[in-house]
Amino acid sequence: MSISIKKYVDITSGVGAGASAKERELILRLFTKDAKVPAGVVIEFTGLNDVAATFGVATEEYQRAALYFGFVSKVMTKAKKIAFARYDDSVIASAPAIVGGRALTAIDSWKAVTDGAVRVQVGQSDYLLSDLDFSAVTTLADVAALVQTALRASLAGATITFDAVAQTFNASFIGQAIPSAVSVAAAGTGIDIADNLGWTVSKGMVTSPGSNAASVLDYLIEADEISDNYGSFAFCGAPLALETVQQIAAWNNSQNVKYQYLVPVTKANIPGWYDALSNYAGCALTLVNDANSEYDELIPGIILGATDYSQRNASQNYMFQQVAGVSPKVDSNSEANGIDSATRVNYYGRTKSAGQAIDFYQNGYLCGAAAAPLQMNVYANEQWFKAAATSVLMGGLLSLPIIPATDEGRSIVLSLLQDPISRALFNGTFKAEKDLTTTQKAYVTQITGDPLAWHQVETLGWWVDANVQEEMQQNGTIKYIIDYTLVYSKADAVNKITGRDILL
């Protein structure tokens with residue numbers, strides 16, 4: 001026996017500065033009415049096969065995902081992930097639900113279950129369905145009907161269905177309060193059939209608390225609050241009304257260079273739609289055929305999703321991009337000039353060289369007022385930089401014991417920003433050795449208060465500073481803020497080359 005050494009020396013061990021904040025991935029998010037994506041959740045897929053397994057290969061969701069995953073950029077990168085969320089244009093609330101995962105589909109195995117049980121908890125309600133005898137079933141729809149009958153003894157409006165395409169058992173708890181958390185617990189009696197139904201996390205079950213969303217915009221905001229891990233978004237299904245599109249564009253504009261809203265327009269509605277949407281930043285209008293059978297509006301999201309900002313010179317021009325499976329919508333000078341001269345509507349167009357047809361996306365512009373980034377690549381680069389800077393700064397707040405409201409804290413914030421700044425120079429978001437105009441030099445001097453700041457921006461590509469501020473709160477407290485100002489040379493893209501051939 002002896003006295004513990006901790007009486008004299010007691011050392012605590014741990015890994016410091018280990019906390020971090022995930023950086024947003026600028027992937028495409030598609031909104032769908034398909035019930036396989038329940039309201040109140042966002043589902044991400046890392047490959048086309050997963051999309052096929054959920055929606056089936058004959059669906060619009062799969063066809064859009066195939067276009068997205070099939071694109072390979074000029075630097076040999078491609079999209080790695082896609083997201084889906086639910087929307088509806090009706091005012092009917094969506095009940096809490098289960099979308100099942102991989103289910104037992106062998107009827108003989110189901111017929112062997114004569115004392116089945118499953119326990120589902122929805123909000124404050126606990127539904128134990130027991131004494132389930134499947135010996136007489138002949139189809140998987142019969143299995144679903146039998147479970148539904150048992151559930152309706154307690155919840156009259158509930159439905160249980162079998163999706164023959166996805167091979168899943170799905171439940172809708174109509175009549176339950178919205179929202180209500182849904183979970184599946186151990187039955188504790190009989191033969192637990194939760195695994196057979198695919199109602200376990202290991203089998204890929206997805207639960208939804210339901211949604212009281214009353215408009216398309218409500219669904220969009222709801223999904224954004226669940227996860228902001230996306231860079232562009234579009235809607236499957238019938239075209240949205242202009243009024244709805246305008247509401248969504250206004251919301252996206254308020255997010256300040258966070259997302260690109262991908263909007264299809266037909267030749268007939270270009271004038272009215274452009275006039276209504278032209279001032280909303282981040283709104284990408286792309287010409288489609290009347291049936292929108294090729295989903296041209298996805299092209300900016302496809303390029304963004306395939307851009308790997310960890311690579312050198314990752315920034316890319318959105319014009320001159322060729323996407324397999326998309327046919328030209330504009331193939332004459334008169335049409336092109338008519339669109340280009342009066343609007344920023346984009347299109348997949350055709351030119352020719354030596355008799356060879358060359359099709360590509362053009363012109364790579366976004367809607368927005370004068371202060372908004374109008375070139376898609378510039379907008380996308382700022383999307384990435386804001387996400388990277390947010391991640392690094394939040395990581396600092398989480399990891400460091402304190403960022404003091406002093407010059408020391410200012411120095412800490414500036415040092416944290418060096419990481420995304422260095423990456424921005426590497427991937428082409430910032431451009432050094434770019435000549436500034438006289439007006440730009442004067443603007444930089446005025447904004448920064450530093451007469452030499454424009455010289456640093458011109459030579460190095462960036463200038464940054466920060467200061468400590470105090471903000472009085474309504475509750476009587478003071479919030480201390482470190483506010484930084486960053487000025488950088490954006491990566492402008494060349495869309496035309498001209499020249500003179502002088503013969504002597």
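Methionine 76 sits in the loop between helix H2 (60–70) and strand E3 (82–86); helices (H or I, at least four residues) and strands (E, at least two) are DSSP runs, numbered from the N terminus. This is a predicted model, where local features need pLDDT of at least 70, side-chain atom pairs count only at pLDDT 80 or more, and totals for chains, interfaces and linings use all residues. Residues are numbered from 1 along each chain as its sequence is written, and side-chain values use heavy atoms, with hydrogens and water left out.

Most residues other than glycine have a negative phi, and most peptide bonds are trans. Methionine 76 has a positive phi, near 65°, and counts as exposed at 64% relative accessibility (buried is under 20% relative accessible area, exposed over 50%, partly exposed in between, with a 1.4 Å probe and protein chains only). Asparagine 292 also has a positive phi, near 45°, but asparagine 292 is buried, at 15%.

## Two cis bonds

Isoleucine 178 and proline 179 are joined by a cis peptide bond, omega about 0°. Proline 179 belongs to the loop between strand E8 (168–172) and strand E9 (182–185).

The bond from glutamine 362 to asparagine 363 is cis too, with omega near 10°. Asparagine 363 is in the loop between strand E16 (356–362) and H11.

## Pocket lining

What does the lining of the largest pocket look like? Its residues split into 31 nonpolar, five polar and four charged (Ala, Val, Leu, Ile, Met, Phe, Trp, Tyr, Cys and Pro count as nonpolar, Asp, Glu, Lys and Arg as charged, and the others, Gly among them, as polar). H11 gives the largest share, ten residues.
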